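Dear colleague,

I am handing over the structure we spoke about, and below it you will find my notes on what turned up when I went through it. Please read them with the model open beside you.

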Amino acid sequence: MTDTPITCPKCGAEIPLTEAVSHHLREQLQAEFERQRAALQSALQKREAQLAADQAALDSRSQSLQTEVARQVEAERQRLLADAARRAEDRLGLQLKDLQAQLAEQRSRAQQSQQVELQLRAQARQLEEARDALKLEVARTLDAERHQIADAARAQAVEAERLKLADKDGVIRGLQEQIAALQQRAGQGSMQLQGETLELTLESDLRAAFLYDDLVEVKKGQRGADLTQRVRTANGFDCGLILWEAKRAKIWSADWPEKLKADQRQAAADLAVIVTTCPPAGVRGFGPVDGIWVCEPPFAVAVAAALRQGLIQTAAQRVQQANRAEKAQVLYDHLCSVGFRQHVEAVVESFLALREQLEAEQRAFARQWKEREQQLRKAITHTAMLYGGIQGIAGREALPEIRTLALPDATGSVTTPAA
C-alpha cells in the first residue's frame with residue numbers, strides 16, 4: 001500500500017508521507033544538534049578560558065590546592081555534559097512521541113470524518129425519501145377526501161333528482177293507465193304510487209351495484225317483504241339472504257320492525273333492512289332498530305355493501321372450519337415436498353453467500369491494517385537509523401542515547417550499547 005503524497009511548499013514536488021515526516025524530523029534533529037553542539041562548545045571554550053586564567057593566577061598555591069581545583073573543574077565539566085545530554089534526550093524523546101501522537105490523531109480524525117460524512121449522507125437520503133413520501137401521502141389523502149366529499153354531494157343531489165324524476169315518471173304512467181281511478185282516490189293513489197317508486201328505485205340500485213346477487217321482487221298481495229336479495233360471490237357461492245322493505249311515508253310506524261322480523265323468520269333470512277324516508281328518532285342515515293337495520297334511501301347501497309361483506313366473511317369462515325382437516329393434510333404434504341426443500345436450500349445458500357462476503361471483507365481489512373502497521377514500523381526504524389547516523393558522526397558524548405531507542409536489560413532498565 002503506497003503512502004499518500006504531499007506537495008513541498010518550496011519546490012512543489014510530491015513526496016511520500018513517510019519520507020516527508022522522516023525528512024522533516026531529520027532536519028529538526030540536525031538543527032537542534034548543531035545548536036546544542038555550538039552552545040556546548042562555546043560554553044566549554046568560555047569555561048576553559050576562565051579555568052586557564054584561574055590556573056595562571058593560582059600557580060603560586062600549593063600542589064594540593066591545584067589537585068583539588070582540577071578535580072572540581074572536571075566534576076563541574078562532567079555535570080554540565082550530563083545535564084546537557086539529559087535535556088537533549090528528554091527533548092528529542094518528547095518530540096518523537098508528539099510526532100507519533102499527531103500522526104495517529106490525524107489518521108483517527110480522517111477515519112472519523114469519513115464515517116461521519118457517510119452517516120450524514122445516509123441520513124440526508126433518508127430524510128429526502130421520507131419528505132417525498134410524506135408529500136405524496138398528503139397529496140393522496142387530500143385528493144381522496146376531496147373526491148369523497150364531491151362524490152357524496154353528487155350522490156345526494158343525484159339521488160334527490162332521481163327520486164323526483166322517478167316520481168314524475170310513475171305519476172305519468174299511473175295517470176295514463178288509471179285516470180278515472182286517480183281522480184276519485186287522488187290522495188290514496190298518490191301515496192301508493194310513491195311507495196312503488198321507492199321500491200323500483202331500490203331494486204334498480206341493488207341490481208346495478210351487485211351483479212352476482214339474486215334479487216326477487218315480492219308481488220303485490222303476497223305475504224313477505226318487498227324485495228329479497230340472495231348474496232352470492234363471483235363463483236356463485238351462496239352466502240346468505242337479506243330482506244328489504246321500502247316505506248315512503250311522513251311518520252315512522254313502530255309496527256314496521258315487528259312485521260319485518262316476522263317475515264324474516266318465515267323466509268329464514270339472515271338480515272332484514274327497512275329503507276324509509278322517515279327514520280325513527282335517533283337514527284340519522286342508518287342504524288339498528290329492534291334487531292333490524294333502518295336506513296334512508298341514499299344510504300341503501302352502502303348498507304347493503306356492509307351487510308353483504310359480513311355475510312361473505314361469515315360464509316368463508318364456515319368453509320374454512322369445514323375444510324380445516326383437509327387443509328392441514330395439504331400443508332403437511334407441502335412441507336414434505338421437494339419444492340419446499342428446494343426453497344429452504346435457496347435461503348440457506350443466500351445466508352452462506354452473505355457469510356463468505358463478510359469473511360472476505362474481514363480479510364481485506366486485516367490486510368490493510370497489517371500494511372499500515374508495517375509502514376509505521378518502517379517510519380520508526382528509519383528514524384532510529386537517522387539518529388544513529390548522526391550520533392556516529394557527533395559522538396555519544398555530544399549526542400547521548402534516547403531511552404525509547406535503547407536496548408532494555410534483564411531488569412527492564414535501559415542500557416547503552418557498547419561502542
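I begin with helix α8, where the buried residues are Gln375, Ala379, Thr383, Leu386, Tyr387, Ile390 and Gln391; buried here means under 20% relative accessible area, exposed means over 50%, and partly exposed lies in between, with a 1.4 Å probe and protein chains only. Helices (H or I, at least four residues) and strands (E, at least two) are DSSP runs numbered from the N terminus. Glycine 395 follows α8 and has a positive phi, near 95 degrees.

Before going further, please keep in mind that this is a predicted model, in which local features need pLDDT of at least 70 and side-chain atom pairs count only at pLDDT 80 or more, while totals for chains, interfaces and linings use all residues. Residues are numbered from 1 along each chain as its sequence is written, and side-chain values use heavy atoms, with hydrogens and water left out.

As for the chain in general, its secondary structure comes to eight helices and 10 strands, and 23% of its 419 residues count as buried. Of the contacts with a separation of 6 or more, 48% are between residues 24 or more positions apart, a contact being heavy atoms within 4.5 Å. The accessible surface is about 29,400 Å², of which 56% belongs to carbon and sulfur atoms; these areas come from the Shrake-Rupley method with a 1.4 Å probe, and for residues only the protein chains shown count as cover.

Helix α5 (residues 255-267) has 13 residues and reaches 19 Å from its first C-alpha to its last, close to the 18 Å expected. Its buried residues are Trp256, Pro257, Leu260, Lys261, Asp263 and Gln264, and they lie on the same side of α5 because they cover an arc of only 160 degrees around the axis, the arc being that of the directions from the helix axis to the C-beta atoms. Asp255, Arg265 and Gln266 are exposed on the face turned away from that buried side. The buried residues of α5 pack against β5 (238-247), β6 (271-276), β7 (286-289) and β8 (292-295). Aspartate 263, with a relative accessible area of 3%, is in contact with Arg223, Gly224, Ala225 and Leu243, leaving aside its neighbours within four places in sequence.

In the loop between α5 and β6, alanine 268 has a positive phi of about 55 degrees although it is not a glycine, and at 62% relative accessibility alanine 268 counts as exposed. Most residues other than glycine have a negative phi.

Turning to the strands, two strands are taken to pair if DSSP finds at least two bridges between them. Strand β3 (residues 214-217) runs antiparallel to β4 (residues 227-232) and is joined to β4 by four bridges, with leucine 215 partnered by glutamine 229. Six bridges join β4 to β5, again antiparallel, and here glutamine 229 stands opposite isoleucine 242. The hairpin of β4 and β5 has five residues between the strands, and glycine 236 in the turn has a positive phi of about 85 degrees.

The strands β7 and β8 pair in the antiparallel sense over four bridges, and the partner of glycine 287 is valine 294 in β8. Two residues lie between β7 and β8 in their hairpin, where aspartate 290 takes a positive phi near 55 degrees.

Helix α6 (residues 300-322) has 23 residues and reaches 33 Å from its first C-alpha to its last, close to the 33 Å expected; among its buried residues are Val303, Leu307, Leu311 and Ile312.

How many disulfides does a search of the whole structure find? The search finds zero, a disulfide being a pair of cysteine sulfur atoms within 2.5 Å. Cysteine 239 is buried at 5% relative accessibility, and cysteine 295 is buried with a relative accessible area of 1%.

Note on methods: Expected span 1.5 Å × (residues − 1).
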